[in-house]
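Subject: Structure handover, helix packing

Hello,

Here is the structure for your files. Please open it alongside this message; my notes on the packing follow.

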Amino acid sequence: MFEETGCLCRGKTSGRQRVSAGNVERIRRTYERSPRKSTYEGSRELQMPQKTVWRVLRKMLKMKPYVIQLMQQLKQEDYGKRMNYATFMQESMEDETMADRLIFSDESTFHISGKVNRYNSRIWGTEKPSTVIKHECDSAKVNVFCAISSHK
């Protein structure tokens, strides 16, 4: 060691083992093949810690998790409906009792076809994908709705 470094001291280490070039390559191939795979799915498939997969993707491969952009496909008749609704809501806000009739709500949609909502999905890549997923708004589905009234 003295001949190589000029010192008998050990070099400082982080205590963490470095990821081998082979494992970095395995992770790269996995995410090139399936860029929508989560780091948890990748860690199970590759049998390595999730944090290691994340670090390699972000730090070594310079990849980022991009959000899939979902857009509702609008038909020609939808534009008039949107304008009518906006006009109705603007006129309704002039009523001073509107606040007493407000309802806070949320809903979730379950598609009967088995289509999965990709709201929380990510695409791993080195640059932002230009892919836009368009979907029909009238596919068969079930909505679950919950509402809380502000009226006492």
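A crossing of two helices is called right-handed if the near helix is turned clockwise from the far one by less than a right angle, and left-handed if anticlockwise. One caution before the details: this is a predicted model.

**α3 and α4**

By that definition, α3 passes α4 in a right-handed crossing. The two axes lie 8 Å apart, at an angle of about 110°. Angles of 65 to 115 degrees count as roughly perpendicular, so α3 is roughly perpendicular to α4. On the α3 side, the contact uses Thr 39, Tyr 40, Gly 42, Ser 43 and Leu 46. On the α4 side, Gln 50, Val 53, Trp 54 and Leu 57 take part. The classes split into 5 nonpolar and 4 polar, with no charged residues.

**α2 and α3**

Helix α2 covers residues 21–33, and helix α3 covers residues 39–46. Their axes come within 11 Å and cross at roughly 125°. That angle makes α2 oblique to α3. Here too the crossing is right-handed. From α2 come Arg 26, Ile 27, Thr 30, Tyr 31 and Arg 33. They meet Thr 39, Gly 42, Glu 45 and Leu 46 of α3.

**α2 and α4**

How do the axes of α2 and α4 cross, and at what angle? They come within 10 Å and cross at roughly 85°. α2 is therefore roughly perpendicular to α4, which spans residues 50–60. Val 24, Ile 27 and Tyr 31 of α2 make the contact with Val 53, Val 56, Leu 57 and Met 60 of α4. By class there are 7 nonpolar residues, no polar and no charged.

**Rings**

How many aromatic pairs does a search of the whole structure find? The count is 0. A charge does sit over a ring, though: the charged end of Lys 51 lies over the ring of Trp 54, 5.0 Å from its centre.

Best wishes

Methods
Residues numbered from 1 in each chain as written. Predicted model: local features only at pLDDT ≥ 70, side-chain atom pairs only at ≥ 80, totals over all residues. Heavy atoms only, no water. Axes fitted to C-alpha atoms, helices over the stretch in contact; angles between N-to-C directions. Helix = DSSP H or I, 4+ residues; strand = E, 2+ residues; numbered from the N terminus. Parallel < 35°, antiparallel > 145°, perpendicular 65-115°, else oblique. Contact = heavy atoms within 4.5 Å. Nonpolar A, V, L, I, M, F, W, Y, C, P; charged D, E, K, R; others polar. Phe/Tyr/Trp six-rings, centres within 6.5 Å; stacked < 30°, edge-to-face > 60°. Lys NZ or Arg CZ within 6 Å of the ring centre and 35° of its normal.
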